[in-house]
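The stops below go from the whole chain down to single residues.

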Amino acid sequence: MLSNSLIELDRAHLVHPVSSFRGHEKLGVRILKSAKGATVTDMTGHQLIDGFAGLWCVNAGYGHDSIVEAAAKQMRELPYATAYFDIGSEPAIRLASELADRAPGDLNHVYFTLGGSDAVDSTIRFIRYYWHAKGQPQRDQFISIEQGYHGSTTAGSGLTALPAFHAGFGVPYDWQHKIPSHYAYRNPVGSDPAAIIASSLQILKDKIEAIGPERVAAFYAEPIQGSGGVLVPPPGWIKAMRELCRSYGILFVADEVITGFGRTGPLFACADEDIVPDFITTAKGLTSGYVPMGAVFMADHVYDTIADFAGDAAIGHGYTYSAHPVSAAVGLEVLKLYEGGLLENGRRAGARLMAGLEGLRSHPLVGDVRGRGMLAAIELVTDKDKKTPLPAAAAPARKVFDRAWENGLIVRAFANGVLGYAPPLCCTDSDIDTIVERTLKTLDQTLEDPAVRAAMA
């Protein structure tokens, strides 16, 4: 089918996630046709380095035949098996075991979902059940962090703290509370790590006390805030927050949907600071985006509390596609690839990426460079001393993305002028250097934007 026909069909029928419906109708779709390694090709033959791994997810890179074969083999043998009625499949059982073996501490129980949003939503249900089982049903208040992202389900979108996911939806709910982000570049206490940690601890403590310690069920945190602009906390921050929650008996949920599976270096970002949460949520890199799957990791004490309270009664939470055998088979193969060299390559490539982006710090528009491993961002400003964001008239989310695309680079361009990077772990030195070179070209073009020039005048 001709690309213009597909564009019209898309315009008429396909509803895109997190888009302006009318705006998308006007712009039309960009259609990707093929991909290999870290490179994607659109319907016109235009090749681009995918500096964002799809949507933070194609961690292994595109075109691994072994992943395709694992899926095809499983589809021939057993394309579907429900996990209801005490039925299971070998791939799902083995994947749960392999993941539990590698998870921090006593996170020995794995519940499979379709993706990250329903993984987060599942934790809300499990946590509510847990506190009922503990005889403390009044613990029904949840705390998350401003500029955090925890999915877009009806409940999870309220834990998310980004305006686009709230406007028009009637969320957050009154049981969902927020504290400010650690956001070092724009933190009111400055950029000193000790000051940021002390401030966050005090703010969380004040929030807990204001709600009532006996009412707070759980606290959610991303090891690095992804969709809020790749906000990296200072070393020691997440460990300190975890310990404060422990002191109050509050469950700690580490949302590793973005950071999991080598994105920051290790298999789980929690390993960077040696913390053991009560739950970890994952998805994206779990299958490298080849098929849908997410997972909730549950600590022994949580599992045992729920299991003992329920006894012989069924715990009424489940999805048709939980523990899907094809997704699990893919997950097993992807895990082999990670441990067969991709994690190590990602660490090398991540160091090169951070060095390359740091080299752009002297550019007139670059206010901040931050990241860890293959997860990074640069924040654009028109005044470095005042940290003035790009003007709305410059339409950073649209125009910067468009310039990068034309230059053969896919990045995440946020509306506040932050450029997010999450390249596949398979990137070569040449791939990383190309990302940096094309970023520089995009920055130079943005510097010439009339709205940007006017703001800098």
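Start with the surface view. The protein exposes about 19200 Å², and carbon and sulfur atoms supply 56% of that area. Accessible areas come from the Shrake-Rupley method with a 1.4 Å probe, and for residues only the protein chains shown count as cover.

A word on the model before going further. This is a predicted model, in which local features need pLDDT of at least 70 and side-chain atom pairs count only at pLDDT 80 or more, while totals for chains, interfaces and linings use all residues. Residues are numbered from 1 along each chain as its sequence is written, and side-chain values use heavy atoms, with hydrogens and water left out.

**Whole protein**

Zoom out to the C-alpha trace. Along its principal axes it spans about 65 × 55 × 45 Å.

Now colour by burial. Of the 457 residues, 55% are buried. Buried means under 20% relative accessible area, exposed means over 50%, and partly exposed lies in between (1.4 Å probe, protein chains only).

Next, show contacts, meaning heavy atoms within 4.5 Å. Among those between residues at least 6 apart in sequence, 71% join residues at least 24 apart.

Colour by charge. There are 41 positive and 51 negative side chains. Lys and Arg count as positive, Asp and Glu as negative; His and the chain ends are not counted. The centres of the two sets lie 5 Å apart, with each charge placed at NZ of Lys, CZ of Arg, CG of Asp or CD of Glu.

Switch to cartoon. It has 14 helices and 16 strands. Helices (H or I, at least four residues) and strands (E, at least two) are DSSP runs, numbered from the N terminus.

Zoom in on strands 1 and 2. Four bridges join strand 1 to strand 2 (residues 39-42), and the two run antiparallel. Pick Lys36: its bridge partner in strand 2 is Thr39.

Select residues 279-282, which make up strand 9. Both faces are covered. Phe279 and Thr281 are buried on one side, Ile280 and Thr282 on the other.

Three bridges join it to strand 9, and the two run parallel.

Centre on Ile280. Ala254 stands opposite Ile280, and in strand 10 its bridge partner is Phe297.

**Loop details**

Follow the loop between strand 8 and strand 9 to Phe261. Its phi is near 65 degrees, a positive value in a residue other than glycine. Is Phe261 buried or exposed? At 1% relative accessibility, Phe261 counts as buried.

Move to Asp274, in the loop between strand 8 and strand 9. Asp274 has a positive phi of about 55 degrees, although it is not a glycine. Asp274 is exposed, with a relative accessible area of 60%.

Last stop: Pro172, in the loop between helix 7 (156-159) and strand 6 (176-179). The peptide bond from Val171 to Pro172 is cis, with omega near 5 degrees.

Technical notes: Pairing = 2+ DSSP bridges.
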